[in-house]
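Thank you all for coming.

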Amino acid sequence: MREIDQLFRLQEINNKISNLSKGKTNLIDTLISKKDDIFRLENDFKMLEIERLGLKKELDKLVLEAQCLDNKLKNEEKKIAIIRNPKEYESLMNNINVVKEKFDDLETKELELMEKIEDNTNLLDNLLEQKTKDFDGLREYSERCKADIENMDSEVIDLKDEKDDLVEKISNSSLANYEKLFNQNGCGVAVVGIEGICGNCSLNIIASKKRTISTGSNQLVKCSNCERYLYWIGPIDE
Ligand SMILES: [Zn+2]
């Protein structure tokens, strides 16, 4: 393997490692945001449960009030038997009507509350369904993520081993130069195809340099503009 091949491979490895690390970060970020979504759902669920408890308490209170009114009404109605004159009759009927009106109001409120409870129960049912689905989805997703991350980690280990071997073989000065350039913009070795253009800065490579790299020479050739090592990817001229 020529030094330029080693440098090119080193760059490939560096890019792969950095892509794998980005991929891993993305996976973890997505996993965290999915967990946050479920946490929010869980909170909504709890709030609705609390709301339902409140509504039910209110309803119980109304039912009790209604019972009291009903008793009162019955008592008033019993008084009809002991009425002595029309004036008493009129006043009793007034009392009865007042109680009946209150009773009607209570019934309307009861109906409203029952509707609210029904809405709340429907929401809770929907959320529960959604929660179960999301939990299942998350479990599947995290298992897939775990497997993907394990694969990525083992790929990175292999790449790093290969990189260590390569680094041993490359001369110190070429390696230092490559690393300085690679750290600038992720390119220490620029590809050149048959058009003879530097893959990093798009300069037209002069004919003599193009000839040298296209014959598969062992010599390291640099772009005269951006100083990147030039790596020929066209057909080799014999
Ligand atoms: Zn260049």
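How many helices and how many strands are there in the chain? Keeping in mind that this is a predicted model, we count 4 helices and 2 strands, and if you read along the sequence you will find them in the order α-α-α-β-α-β.

Just after helix 3 comes Gly186, whose phi is positive, at about 75°.

Now to the domains. The chain is divided into domain 1, covering 14-170, and domain 2, covering 173-232, and the centres of domain 1 and domain 2, taken over C-alpha atoms, are 62 Å apart. Where the two domains touch, domain 1 gives 4 residues to the contact and domain 2 also gives 4 residues; on the side of domain 1 that touches domain 2, there are 2 nonpolar and 2 polar residues, with no charged ones.

Finally, the overall form. The radius of gyration of the chain is 41 Å, whereas a compact globule of 238 residues would have one near 18 Å, and along the principal axes the C-alpha atoms fill a box of roughly 130 × 35 × 25 Å. Of the 238 residues, 10% count as buried. As for contacts between residues at least 6 apart in sequence, 69% of them join residues at least 24 apart.

Notes: Residues are numbered from 1 along each chain as its sequence is written. This is a predicted model: local features need pLDDT of at least 70, side-chain atom pairs count only at pLDDT 80 or more; totals for chains, interfaces and linings use all residues. Domain bounds come from an automatic or database domain assignment. Two residues are in contact if their C-beta atoms, placed from the backbone, lie within 7 Å. Ala, Val, Leu, Ile, Met, Phe, Trp, Tyr, Cys and Pro count as nonpolar, Asp, Glu, Lys and Arg as charged, and the others, Gly among them, as polar. The radius of gyration is taken over C-alpha atoms; the globule rule is 2.2 Å times the number of residues to the power 0.38. A residue is buried if 20 or more other C-beta atoms lie within 10 Å of its own, exposed if 12 or fewer, and partly exposed in between; C-beta atoms are placed from the backbone.
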